Amino acid sequence: MPDVVALGELLIDFTCRSVDAQGYPTMVAHPGGAPANFLAALAKFGCSTALIGKVGGDAFGKLLVNTLQEAGIETRALVVDETVFTTLAFVTLDAQGDREFSFARKPGADTCLRPEEIDPELIRQAKVFHFGTLSLTDEPARSATVHAVAIAREAGKLITFDPNLRKPLWKDLQQAKEQMLWGLKQADVVKISDEEVQFLFGLEPEAGAEHILKAYGVKLVFVTCGSQGCYFRNAVTQGRVPSLTGLKVADTTGAGDIFGGSAVWKLLQLGKKPEELTQGEARAVAAFGCTSAGLSVTKPGGISSVPDYQRVLEHLV
């Protein structure tokens with residue numbers, strides 16, 4: 001019986017290692033996908049997990065299935081489809097050093113997950129159901145996500161949500177906003193970035209978190225702010241946690257996902273409803289997430305960069 005079930009993309013992240021004289025990157029492949037990174041953190045710290053998704057019946061798909069199994073993530077709900085290719089993401093850096101994303105996903109296997117391919121019992125057996133927005137960009141995966149969320153809500157599961165905006169994947173940004181807002185309405189716990197708060201509401205982290213709590217019925221909000229750490233808020237408390245400093249950054253891909261998985265792990269350890277966390281408890285959850293995410297950027301990749309529990313404790317902010 002899994003503690004946490006997530007639905008969404010499992011893909012290959014190609015990250016830039018170097019650039020030649022003509023500007024073409026040399027890429028390095030890493031296993032990734034936001035829900036998979038999220039579960040990898042939970043599994044690393046001892047939670048039983050399972051991923052619902054789809055990969056292609058190609059070499060990359062087979063590699064990804066093996067990677068999940070090695071990470072301790074259950075794969076019986078992962079569909080291998082011989083008719084589509086595994087989704088690929090390419091991460092390059094612009095002139096300012098910021099990440100830019102390109103995707104081979106027209107379609108990618110993750111967008112082809114169908115409602116009837118979801119095992120409802122797997123969701124009903126779990127404590128937590130997690131989803132993001134990349135499974136909401138295209139059909140039939142959007143209908144599959146809506147179906148899975150409905151099962152989780154009916155079963156009274158704790159639902160966690162990461163808006164995870166990737167603008168190149170949306171046909172138009174108004175549709176992206178609509179789906180992100182729909183996701184907020186379904187969730188008990190939300191991990192959202194300061195950039196996504198600005199995109200949705202034009203607000204700063206504090207005001208954005210307050211709005212999400214009051215307008216969408218969310219119980220606990222974490223607004224990640226990159227090098228500025230994290231702002232957290234529920235009905236009874238709020239506060240900030242700094243990020244780790246003095247680290248040599250190798251790759252920030254997956255850091256937000258690892259924050260989310262690590263924070264949910266800590267929340268489960270506390271055994272309290274997210275709306276009832278005290279100041280100290282909410283800060284402890286955010287601090288564990290920030291520290292784990294901070295350490296993850298010192299290694300390349302997402303799934304492969306989750307730090308050991310003892311290392312997180314040694315660096316806890």
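Modeller: A helix here is a DSSP run of H or I at least four residues long, and helices are numbered from the N terminus. With that in hand, let's look at this predicted model.

Colleague: Happy to! What makes residues 194-201 count as helix α6, and what follows α6?

Modeller: A helix needs at least four residues, and α6 runs over residues 194-201, so the stretch meets that length. After α6 comes Gly202, which has a positive phi, near 65 degrees.

Colleague: Which residues of α6 are called buried, and why?

Modeller: They are Glu196, Val197, Phe199, Leu200 and Phe201. Each is called buried because its relative accessible area is under 20%.

Colleague: How do you know on which side of α6 they lie?

Modeller: Around the axis their arc is only 165 degrees, so they sit on the same side of α6.

Colleague: And what do these buried residues pack against?

Modeller: Their partners are the strands β10 (158-162), β11 (189-193) and β12 (220-224), along with the helices α5 (173-186) and α7 (205-216). A contact means heavy atoms within 4.5 Å.

Colleague: Zooming out, how many helices and strands does the protein chain have, and how do you know how compact the chain is?

Modeller: The protein chain holds 10 helices and 14 strands. Its radius of gyration is 18 Å, close to the 20 Å that the globule rule gives for 317 residues, so the chain is as compact as a globular protein of that length.

Colleague: What share of the protein chain is buried?

Modeller: Of the 317 residues, 57% are buried. Also, among contacts with a separation of 6 or more, 70% join residues 24 or more positions apart.

How values were computed:
Residues numbered from 1 in each chain as written. Predicted model: local features only at pLDDT ≥ 70, side-chain atom pairs only at ≥ 80, totals over all residues. Heavy atoms only, no water. Helix = DSSP H or I, 4+ residues; strand = E, 2+ residues; numbered from the N terminus. Rg over C-alpha atoms; globule rule 2.2 N^0.38 Å. Buried < 20%, exposed > 50% of the residue type's maximum accessible area, 1.4 Å probe, protein only. Arc of directions from axis to C-beta.
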